[in-house]
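Work through the exercises below with the structure in view. Try each task before reading its solution.

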Amino acid sequence: MLATNYRGPQRIRVSQKPMPEILHPQDAIVRVTRSCICGSDLHLYNGNVPDTRVGETFGHEFIGVVEEIGSDVHKVKVGDQVIVPFNIACGECTFCKQELYGNCHEANPQATAVGGIFGYSHTAGGYNGGQAEYVRGPYANVGPTVIPEGMHPDDAVLLTDVVPTGYQAAEMGGIQKGDTVVVFGAGPVGIMAARCAWLFGAGRVIVFDQEEYRLEFVRHYAQCEAYNFRSIEDPVVFMKKTTDSLGADVCIDAVGAEAAGSALQTITGRKMLLQAGSATALHWAINSCKKGGTVSIVGVYGPTDNLVPIGNALNKGITIRGNQASVKRLLPRMIEHVQNGILNPRALITHHIPLEEAAEGYRIFADKLDNCIKPVLIPPSARI
Ligand SMILES: NC(=O)c1ccc[n+]([C@@H]2O[C@H](COP(=O)([O-])OP(=O)(O)OC[C@H]3O[C@@H](n4cnc5c(N)ncnc54)[C@H](O)[C@@H]3O)[C@@H](O)[C@H]2O)c1
Ligand SMILES: [Zn+2]
Ligand SMILES: [Zn+2]
């Protein structure tokens, strides 16, 4: 089968690989019909995730058709079209029981922090991903969920990550009615977080990015204010000035380790890898936050340390929350929101790219070319 093949930083190939096989009675083999490239993949692509091995198949956002099931799979059957959450979760460990499906202990027993994630290095369990024609889905009685009748596949594929992640970013902010919410990052995740902030009762939503086309998109899509941090001297000062010197009630980091905007952070975090990526957005989020406010982190950082103003967080009494999204927990509500027209995820998809051209897809998405917001890879068998 065709699958992405990581060759080292900024080098992705698509090559022939062996078909996945059922390795456990609860496995399912899924024939992929769509898989996205995510901002999280850029951390892998840029070589910032420890234990990303040459030859790995990336891709944690995919939908497809169940092709084969293990003897103990009863939740899905052959022929079902399924949404597969990006988290691999056993459904039974102490963390899954608390609906912390992003922190499953069984799917990634080597790690004490992150759970299992498709196509996301050996740090996240060493599972092959869905930027391929076929993928093995472990714990098929837990994650895979049948796509509701009539749902557009471009909506369905965004339910594997972007929609629940943006929603959880807003949810973790504990937004109260009338709150001012600032979102750093107008990628797919930040756009969805800004849109979802209104669902929790925000009174004002502000987004920062450096890509004009994304700012333009989010202004319309999420009906919010959006500013280019390159044309503002200091986003933290800007936030203070626009909130009677108090700061925002809720600050969301939807950027993570690839953040731009600070030479010090970029050199130490992205070039020299002395910290787990550049923490510029998180730095701004903490410093823009009101006393007693909340910082919600969905932007991804690695397992090592980061330079952040923890003293300010302490002295302002800020609540800091963060996690990988718990996709399975949120999926039923997200499906409802799409079916009721409250959320329209597929508007974010700007590019449909053949799987064979994944390298070009990564380049376009990473370099923010051609007004790209969210690219989807389509394997040959899904194009017939
Ligand atoms: N927690 C989770 O479950 C989860 C799930 C999906 C993605 N993520 C993470 O969310 C983040 C965003 O993902 P995405 O797909 O939207 O990525 P993306 O790369 O498309 O978007 C990131 C955006 O941030 C902007 N940016 C860079 N520096 C900035 C700064 N200092 N302030 C404001 N904006 C800045 C970039 O221009 C870009 O538009 C990534 O770190 C990704 O790993 C987390
Ligand atoms: Zn993702
Ligand atoms: Zn578990």
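Predicted model: local features only at pLDDT ≥ 70, side-chain atom pairs only at ≥ 80, totals over all residues.

**Exercise 1.** Find how helix α4 and helix α5 are oriented to each other, and which residues make the contact.

Solution. 
- Step 1: Locate the helices. Helix α4 spans residues 162–172 and helix α5 spans residues 188–199.
- Step 2: Take the geometry. The two pack at an angle of about 55 degrees, and their axes are 7 Å apart.
- Step 3: Classify the angle. Angles of 65 to 115 degrees count as roughly perpendicular and those under 35 as roughly parallel. α4 and α5 are therefore oblique to each other.
- Step 4: The crossing of α4 and α5 is right-handed.
- Step 5: List the contact. α4 contributes Val 162, Val 163, Thr 165, Gly 166, Tyr 167, Ala 169 and Ala 170. α5 contributes Pro 188, Val 189, Met 192, Ala 193, Cys 196, Ala 197 and Leu 199.
- Step 6: Sort the contact residues. There are 12 nonpolar, 2 polar and no charged.

**Exercise 2.** The model has 13 salt bridges. Describe the one between Asp 154 and Arg 34.

Solution. 
- Step 1: Check the distance. The closest N and O atoms of Asp 154 and Arg 34 are 2.5 Å apart.
- Step 2: Asp 154 is in helix α3 (residues 153–158) and Arg 34 is in strand β3 (residues 28–36), so the pair ties together parts 120 residues apart in sequence.
- Step 3: Asp 154 and Arg 34 are both buried.

**Exercise 3.** Where do Lys 290 and Asp 249 lie, and is Asp 249 buried or exposed?

Solution. 
- Step 1: Check the distance. The side chains of Lys 290 and Asp 249 form a salt bridge, 2.9 Å from N to O.
- Step 2: Lys 290 belongs to strand β14 (residues 289–297) and Asp 249 to strand β13 (residues 248–253), so the bridge ties together parts 41 residues apart in sequence.
- Step 3: Asp 249 has a relative accessible area of 16%, so it is buried. Lys 290 has 25%, so it is partly exposed.

**Exercise 4.** Describe the surroundings of Asn 48 and Gly 322.

Solution. 
- Step 1: Name its partners. Beyond four places in sequence, Asn 48 touches His 43, Glu 258, Arg 270 and Leu 273.
- Step 2: Turn to Gly 322. Gly 322 is in strand β15 (residues 319–322). At 43% relative accessibility, Gly 322 is partly exposed.
- Step 3: Name its partners. Leaving aside neighbours within four places in sequence, Gly 322 contacts Met 172 and Ile 297.

Technical notes
Residues numbered from 1 in each chain as written. Chains lettered and ligands numbered in written order. Heavy atoms only, no water. Axes fitted to C-alpha atoms, helices over the stretch in contact; angles between N-to-C directions. Helix = DSSP H or I, 4+ residues; strand = E, 2+ residues; numbered from the N terminus. Parallel < 35°, antiparallel > 145°, perpendicular 65-115°, else oblique. Left-handed = near helix turned anticlockwise from the far one by under 90°. Contact = heavy atoms within 4.5 Å. Nonpolar A, V, L, I, M, F, W, Y, C, P; charged D, E, K, R; others polar. Buried < 20%, exposed > 50% of the residue type's maximum accessible area, 1.4 Å probe, protein only. Salt bridge = Lys/Arg side-chain N within 4 Å of Asp/Glu carboxyl O.
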